[in-house]
Each structure stands twice: as C-alpha cells, then as structure tokens.
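Colleague: I have some questions about the labels put on this model. Please set each value against its cut-off.

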Amino acid sequence: MTWWRDAAIYQVYLRSFADGNGDGVGDLAGLRSRLPYLRDLGVDALWITPWYASPMADGGYDVADYRAIDPVFGSLAEAEALIADAHGHGLKVIIDIVPNHTSDEHPWFQAALRAGRGSPERRRYHFRDEPNNWPSRFGGPAWTPVADGQWYLHLFDAKQPDLNWENPEVNAEFESVLRFWLDRGVDGFRIDVADRLVKAAGLPDIPGAAAPSYMDRGGGQPDKDRPEVHEIYRAWRLLLSEYEPERTFVGEMWVRDAERFALYLRPDELHTAFNFAFLKCAWEAEALRDVIDRTVETHHRVAAPPTWVLSNHDVTRHVTRYGRNDTRFTRRRHDLPSDLALGTRRARAAALLSMALPGNVYVYQGDELGLPEVFDLPAEMRQDPVFKRTNGKDLGRDGCRVPLPWSGGEPPFGFGEDGSWLPQPAEWHRLSVESQAADADSMLSLYRLALRVRRAEPALGDGRMRWLESSEGVLAFMRPPGFVCVVNLAEEPIDLPPGTPLVASMALEDGRLPPDATIWLRRSV
Ligand code: GLC
C-alpha cells in the first residue's frame with residue numbers, strides 16, 4: 001500500500017509551532033526539537049507551510065526565493081537536517097509550493113518593474129493598461145497600478161503578483177524548483193491555490209462580479225478552475241513519477257462542485273486534495289452523511305483516496321465553530337457566540353469520525369490540543385493582510401494561528417523567551433501539551449490513542465466503508481473487516497450495536513453512547 005493513500009498528516013504552521021531560538025517566532029530548530037512529539041502523537045507525515053525566503057506579507061505565501069529558507073526560520077542546511085531527522089522518526093515531509101503568485105520582492109517581479117511595458121519580463125506576470133473587474137480574495141480590487149501606469153493582477157494581496165502560466169518560462173522554473181526539493185528528499189508538495197494558476201484568455205470580466213470572497217463561487221469562472229490547469233498537473237505528475245520512493249501531491253482547491261473537484265484527482269494528476277466540503281459541513285447527521293457519500297463516490301470514480309480535514313490555517317478553528325448554533329463554515333465570523341465546552345465535545349467526536357473514514361486524515365496543529373479560535377488579538381499585532389484589506393471587517397486568520405502552548409503556567413508557554421509573535425490567552429495553561437499529556441481524558445490523550453489504533457487497524461485508512469442501519473441523527477458505518485464507527489448527533493443517548501469498544505470520545509452512560517460522541521467498536525467477523 002502506498003503511504004499517501006492512508007497517511008495521517010499533521011499540518012505544521014511553522015511560525016506558530018515551536019520556537020527554537022527564543023525570538024517568539026516558530027522555526028526549523030523548534031520543529032526539529034519537537035519531532036519526537038509528532039512521532040509519539042502517531043502521525044505519519046508532516047505538511048510544513050511555506051518556509052521560503054519571504055517578506056512575510058502573507059505569512060510566507062509570498063515567496064521571494066523558492067530555493068532559500070527564510071532566515072527567521074533557519075537555513076537550507078537546517079531544512080535538510082530536518083528532512084533527515086523526520087525520516088529518522090518515520091515521518092514523511094510534505095512542503096508547500098506556491099505557484100500562483102510570487103512576492104513582489106521576487107527578482108522576477110523586480111525585473112518586470114524595471115523592464116517596462118511590453119517586455120518579456122512583464123510577460124511572466126499579468127500586466128495590463130486597464131484593470132478588469134476581478135476582486136482580490138483578500139478584499140479590494142485584484143489590480144494595483146505601477147509607476148508607468150500599467151496595472152498588475154494579484155488575486156490575493158498586492159504583494160503577491162500572479163504569475164502568467166501561459167508563459168512556458170514559468171512552468172520551467174517551477175519544474176526546476178520541484179526538482180530542487182525532491183533532490184533534497186521531500187516526500188511531496190501541497191500545492192497552494194491549485195485551481196487558480198490558469199486564467200481565462202484575455203482576462204475577461206467576471207459576469208456580475210461577485211462580492212470578494214475568500215471562498216469559492218463555483219467552478220469554471222474566468223479567474224479559477226480553468227480546464228487548461230490540468231495540463232500543468234499532468235506534466236508535474238510525470239516529473240514526480242521519476243522519483244523513488246514514491247512522492248505525492250496534495251492540492252488546495254476551493255472548488256465547490258464535487259465532479260469538477262475530482263477532475264484534479266484523475267490518476268495522471270494530483271494524488272489527493274483537501275476535502276473542504278467536509279470542513280465546511282454542519283455538525284448534523286444528514287449533512288455529514290451527504291458530504292461523506294458524495295466524497296467517497298466521486299473519489300472512488302477516479303481511484304483517489306479522500307481526505308478528511310476539520311481545520312487549517314485559513315479557517316475558524318472547529319472547536320469554536322462546533323460550539324455555535326450554526327456549525328457550518330461559510331466564512332469567518334467573529335460575532336457569533338460559541339459554547340466552547342460543547343464545541344470541544346463535538347471536536348472530540350469529529351476527530352474520531354475523521355480518523356475512521358476511508359483515506360487520509362489531516363490534523364492541523366493545535367487540533368490535538370482542542371485550541372479554540374482567538375478573537376481578542378490587539379489590532380496592531382495582527383498580521384494577516386485580510387484584516388487590513390477589509391478594514392477589520394474580517395478579522396482575518398491570525399486567530400487560528402496563535403502559537404502552541406507547550407508548557408508552564410503562563411504565556412508564552414514555552415514558546416519564545418519574552419513572548420510570542422501573537423499573544424496566547426492566559427487560560428491556555430490548561431490546554432498546554434504539558435498539562436494535557438498528564439491527563440488521560442484530555443484531547444491530546446484522545447488523539448494519541450486514536451491515531452495509534454488507526455495505524456494498527458487494518459480496516460482503517462484506505463479502503464471502503466458501508467453504512468449500517470441507524471436511527472435518526474446517528475451515523476454508523478462499518479469498515480471491513482470488523483470495524484464499526486458510531487457517531488451520535490442526536491439529542492439522547494443511544495444503544496450501541498454489538499461489538500467491543502476500542503475508543504470512545506466520551507464515557508458511556510449506562511452502556512449507552514451520549515449525544516455528540518463517537519465510539520469505535522470491533523466486531524468479530
Ligand atoms: C492559500 C493559503 C493561504 C494563502 C493563500 C495565498 O489559500 O492556504 O494561507 O493566504 O493561499 O497564497
């Protein structure tokens with residue numbers, strides 16, 4: 001079995017994971033020192049968010065040099081040492097590749113500014129005399145003028161000019177970058193904004209330009225999900241297949257239509273992609289069952305394993321989402337009350353659900369600690385460009401990027417010497433790794449146990465599932481041979497089907513599964 005069909009993958013948001021040099025910003029030294037933590041957690045692979053040289057206008061998703069590590073994170077030698085150490089612990093390493101745009105400080109963009117209109121340097125980006133009506137996904141227009149009166153396209157921040165993928169030089173450069181890192185032993189790439197690289201020829205207006213939104217507006221629009229983008233991934237897949245042992249691609253596409261989404265996962269394209277339909281779904285039995293069915297069905301047709309994702313560095317943390325009245329994720333909201341005890345209980349149940357479903361499971365750093373979203377960050381400390389570009393209407397994504405609490409009774413909880421780049425809430429001492437490791441009932445203990453069982457269970461990971469009959473509000477399914485998962489989303493405790501309990505997200509009540517809880521059972525076959 002190939003590892004990427006089964007893996008439990010831990011997302012490391014490098015700036016906020018662990019701080020090795022005490023400057024308050026996470027780095028490679030910190031990550032290296034915590035590899036044993038990740039090994040013991042029981043994950044199989046890491047996805048590390050961009051570590052490249054960057055002015056950090058978008059947390060490193062604005063890359064100035066794809067072959068260098070930003071000094072705030074460390075050095076190339078340290079990255080190589082990290083890959084070797086991770087492999088030594090049995091952990092695969094997936095890195096982020098950002099092909100839709102560079103930083104405006106990338107030598108190519110600087111050369112384009114200097115070279116002037118009509119130059120080959122400008123043809124690596126999208127320069128025009130007139131902007132079209134496209135909105136930036138971060139708010140405001142997607143165009144910014146330069147000194148000579150031309151405008152350049154940026155689907156994200158103005159410091160992230162979009163590359164022109166119709167120019168073969170662009171692909172040649174990225175293929176060389178992929179090889180640079182493959183030769184250094186990385187096991188795969190997470191492709192940032194994978195559906196947006198190609199734009200409609202001539203950059204036509206978006207009909208009735210939708211309000212700027214970080215999320216999707218459906219497929220096949222001028223600025224996203226163009227059919228030509230698939231050619232890029234076919235070529236990349238061929239390139240990857242030259243390498244042994246097997247390497248992998250995971251795509252980030254906010255493409256709502258499941259059929260169009262699956263096109264990226266055809267056998268000669270990307271191996272897997274983040275399942276945002278599952279992430280966005282309400283904590284409700286019918287809605288979840290629909291998303292699961294649709295996911296499994298569309299992935300099966302292209303023989304790709306599904307992925308199950310609850311949170312990442314772009315969305316409101318799910319402990320907070322699941323504690324609200326409306327548990328869907330449609331966009332970031334900070335004005336909705338949340339019952340965090342309820343959210344945590346549901347997050348425990350959701351963790352077991354996501355780990356029992358067929359395919360890959362993702363754990364975003366801090367999920368395993370049950371961290372909630374942080375809303376009350378001081379405005380001057382916020383770094384997400386979304387906050388500024390929307391004039392604070394959208395608080396942005398800093399609240400899900402607060403550094404992890406490792407140990408001790410007060411901030412920065414073992415992260416940095418004099419404080420971390422974003423302040424942690426004082427009450428996170430209860431959520432620190434140190435305090436949870438000592439508590440058998442903690443979220444961390446649940447993740448450790450469940451990931452261990454997931455790895456040992458032949459039924460889990462890749463494969464098929466079959467729904468079992470269940471009452472309203474209950475999800476029950478079987479993973480052959482002999483593994484059963486039951487999730488109670490109803491309001492009353494329920495009786496369990498036959499089987500021996502393996503892991504439960506909450507203690508049973510008189511042998512019954514309480515509401516908002518999941519249990520794994522073994523049934524003899
Ligand atoms: C992706 C990343 C996000 C980043 C954006 C622009 O959506 O996940 O963090 O801001 O791309 O690169």
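This is a predicted model: local features need pLDDT of at least 70, side-chain atom pairs count only at pLDDT 80 or more; totals for chains, interfaces and linings use all residues.

Colleague: Where does Pro412 lie?

Modeller: Pro412 is in the loop between helix H12 (385-389) and helix H13 (433-437). Helices here are DSSP runs of H or I with at least four residues, strands are runs of E with at least two, and both are numbered from the N terminus.

Colleague: What is omega for the peptide bond from Glu244 to Pro245?

Modeller: Omega is near -15°, and the bond is cis. Pro245 sits in the loop between helix H6 (229-240) and strand E10 (248-251).

Colleague: What makes the phi of Ala303 worth a remark?

Modeller: Phi is positive, about 60°, although Ala303 is not a glycine. Ala303 belongs to the loop between helix H9 (285-301) and strand E12 (307-308). Asp510 also is not a glycine, and its phi is positive at about 50°. The loop between strand E17 (500-504) and strand E18 (517-522) holds Asp510.

Colleague: Why is Asp510 called exposed?

Modeller: Exposed means over 50% relative accessible area, buried under 20%, and partly exposed in between, using a 1.4 Å probe and protein chains only. Asp510 has 78% relative accessibility, so Asp510 counts as exposed.

Colleague: Why do Arg184 and Glu80 count as a salt bridge?

Modeller: The rule asks for a side-chain nitrogen of Lys or Arg within 4 Å of a carboxyl oxygen of Asp or Glu. The closest N and O atoms of Arg184 and Glu80 are 2.9 Å apart, so the pair qualifies. Arg184 lies in the loop between helix H5 (168-182) and strand E9 (188-191) and Glu80 in helix H3 (residues 76-88), so the bridge ties together parts 104 residues apart in sequence. Arg184 is partly exposed at 25%, and Glu80 is partly exposed at 34%.

Colleague: How many salt bridges does the rule give?

Modeller: The count comes to 37. One of them joins Asp157 and Arg389, with the closest N and O atoms 4.0 Å apart. This pair links distant parts of the chain, 232 residues apart, with Arg389 in helix H12.

Colleague: How do you know that Lys199 and Asp162 are buried?

Modeller: Lys199 has a relative accessible area of 4%, so the buried label applies. Asp162 is at 0% and is buried too. The side chains of Lys199 and Asp162 meet in a salt bridge at 2.7 Å, N to O. Lys199 lies in the loop between E9 and H6 and Asp162 in the loop between E8 and H5, so this bridge ties together parts 37 residues apart in sequence.

Colleague: What makes a set of residues a nonpolar core?

Modeller: The members are buried Ala, Val, Leu, Ile, Met, Phe, Trp, Tyr and Cys residues, joined through side-chain atoms within 4.5 Å. The largest such core has 147 residues, and Tyr10, Leu38, Trp51 and Trp520 have the most contacts inside it. Helix H11 (residues 340-356) gives the largest share of this core, eight residues.

Colleague: Which residues does Trp51 touch?

Modeller: Contact means heavy atoms within 4.5 Å. Leaving aside neighbours within four places in sequence, the partners of Trp51 include Leu14, Leu28, Phe73, Ile95 and Trp181.

Notes
Residues are numbered from 1 along each chain as its sequence is written. Side-chain values use heavy atoms; hydrogens and water are left out.
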